[in-house]
Amino acid sequence: MISIDIDKIRNDIKDYGDKIFLNSAGSSLTPKSVSAAIKRHLDLEEHMGGYEAANLVSDDISNFYKNAAQMLGCSPRNIAFTNSATDSYLRALLSFDFKKNDVIITTDDDYASNYIHFISLQKKSGVRVLRIENLKNGDLNIDSFRTLVKDTNPKLVSVSHIPTNSGLIQDVKPIGDICQKQNIPFLLDACQSAGQLKLDVNELNCDFLTVTGRKFLRGPRGTGLLFISDKLLDSGIYSLMIDGFGAIWNQENDYDMISGAGRFEMWEKSYALQLGLSEAIRYANSIGLDSIESYNEKLMTHFRNNLSHISGVQMYDRGSSQGNILTFRKDGKSLDEIKTVLDKNKILYSVSKKEWGFIDFNKKNVDWVVRLSPHYFNTLTEIDRVSDVIENI
């Protein structure tokens, strides 16, 4: 049963007004309590200084790790605070000593920044980057993945759960299962799925999981988190750039790492933003990620059904499972024409261009799509209104 109190949730947003906000895949609207947590700590820093302020709220800072662990089904020791999903991703990637001809397996639908990292590793270290084939409907071909694993013995498998330029939800559980059996590290980019789907790292069998705060988690920009599995932590893994937060300098030419995921954190960080992200995660946990996921599914099924009946609308989201990103174009209408109408009607959206999904866009033979990403604070009435606007473009 879906238990979402839309009126309360909308009241928790400051000055929503008469806009229709459909850009949670970019940077969503924060609840009032998130902004309040940030401002409260900034005020404390202004009054007491940054060091003393952090000491005074040490229990609240610890709650960040507890809240994130609750969301992902792990222990606080598995959580590191970062500045973004890309920051998390790089810290994970830089924990591997890649050498020439090492293999990274990824997909056609990985995030652009992740793929740029791979290309950089190709250029600098000579790694090989191989991609899992897709089925005709856009799903991952798991048989293709099994063959790649058997033939190449990869150093790392990295998959984006939901691409930034498409509503496709990739079925990553079989990937994690195979990686666990073959003892291959599995890095899962949950940048777009955290906050819209219920995630359990034990079910996903991932070794790293990267998250941003600003998207569907409804946290502040400049925040993220990184999950590291017990298996990797116990193996002694650490990122290339480790500092005095993650290790203790106790010999002239050596150090001792701390035991948990904190070894992936940096000493300097914004505690105000960390507390804001903690509150955003607590807020989502209090509603229930299962309830959020169920409501989102209802919302997006309605939206896609609406647009499927509009003449000339082409939707570009493939796969048997789709989430809260809907991408479209309309026959005979330019990007500027569509943007003008959406802007006039106070509909907030994004545009995805080819450079954010180069391989995927080549397959679809397009160089741009309009991206609409509702979330659980949106209503069916809003969806119907947007559908009418698109029909009349």
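# Exercises on a predicted structure

The structure holds 18 salt bridges.

## Exercise 1

Task: Determine how Arg91 and Asp87 are placed in the structure, and state whether each is buried or exposed.

Solution. 
Step 1. Arg91 and Asp87 form a salt bridge, and their closest N and O atoms are 2.7 Å apart. A salt bridge requires such atoms to lie within 4 Å, so the pair meets the cut-off.
Step 2. Both residues belong to helix α5, which covers residues 85-93. They are four residues apart, or about one turn of the helix.
Step 3. Buried means under 20% relative accessible area. Arg91 has 10% and is therefore buried; Asp87 has 17% and is therefore buried.

In general, side chains of opposite charge can pair when their charged atoms come close.

## Exercise 2

Task: Identify the parts of the chain that the salt bridge between Arg131 and Asp108 ties together.

Solution. 
Step 1. The side chains of Arg131 and Asp108 meet at 2.5 Å, N to O.
Step 2. Arg131 lies in strand β4 (residues 128-132), whereas Asp108 lies in the loop between β3 (103-107) and α6 (112-125). The pair therefore ties together parts that are 23 residues apart in sequence.
Step 3. Arg131 counts as partly exposed at 39% relative accessibility, while Asp108 counts as buried at 12%.

## Exercise 3

Task: Describe the separation and the accessibility of Lys173 and Asp177.

Solution. 
Step 1. Lys173 forms a salt bridge with Asp177, with 3.1 Å between the closest N and O atoms.
Step 2. The two residues are four places apart in helix α8 (residues 173-182), and so about one helical turn separates them.
Step 3. Lys173 is partly exposed, with a relative accessible area of 39%. Asp177 is also partly exposed, at 22%.

A further group of charged residues may be located in the model: Arg77, Asp230 and Asp234 are linked in a network of salt bridges.

## Exercise 4

Solution. 
Step 1. Two residues stand between β9 and β10, and the strands form a hairpin.

## Exercise 5

Task: Characterise the surroundings of Leu342.

Solution. 
Step 1. Leu342 is found in helix α13, residues 335-344.
Step 2. With a relative accessible area of 0%, Leu342 is buried.
Step 3. Setting aside residues up to four places away in sequence, Leu342 touches Ile347, Tyr349, Val370 and Val389.
Step 4. Leu342 and Ile20 are 322 residues apart in sequence, yet 9.8 Å apart in space, C-alpha to C-alpha.

## Exercise 6

Task: Name the residues with the most contacts inside the largest nonpolar core, and list the contacts of Leu209.

Solution. 
Step 1. The largest nonpolar core has 87 residues, and Ile175 and Leu209 have the most contacts inside it.
Step 2. Leaving aside neighbours within four places in sequence, Leu209 is in contact with Leu72, Leu188, Ala190, Val201, Leu204, Leu225, Leu226 and Phe227.
Step 3. A second, separate core has 22 residues, including Ala92, Leu187, Phe208 and Leu232.

In soluble globular proteins, nonpolar side chains tend to be buried together.

Terms used. Residues numbered from 1 in each chain as written. Predicted model: local features only at pLDDT ≥ 70, side-chain atom pairs only at ≥ 80, totals over all residues. Heavy atoms only, no water. Buried < 20%, exposed > 50% of the residue type's maximum accessible area, 1.4 Å probe, protein only. Contact = heavy atoms within 4.5 Å. Pairing = 2+ DSSP bridges. Core = buried A, V, L, I, M, F, W, Y, C linked by side-chain atoms within 4.5 Å.
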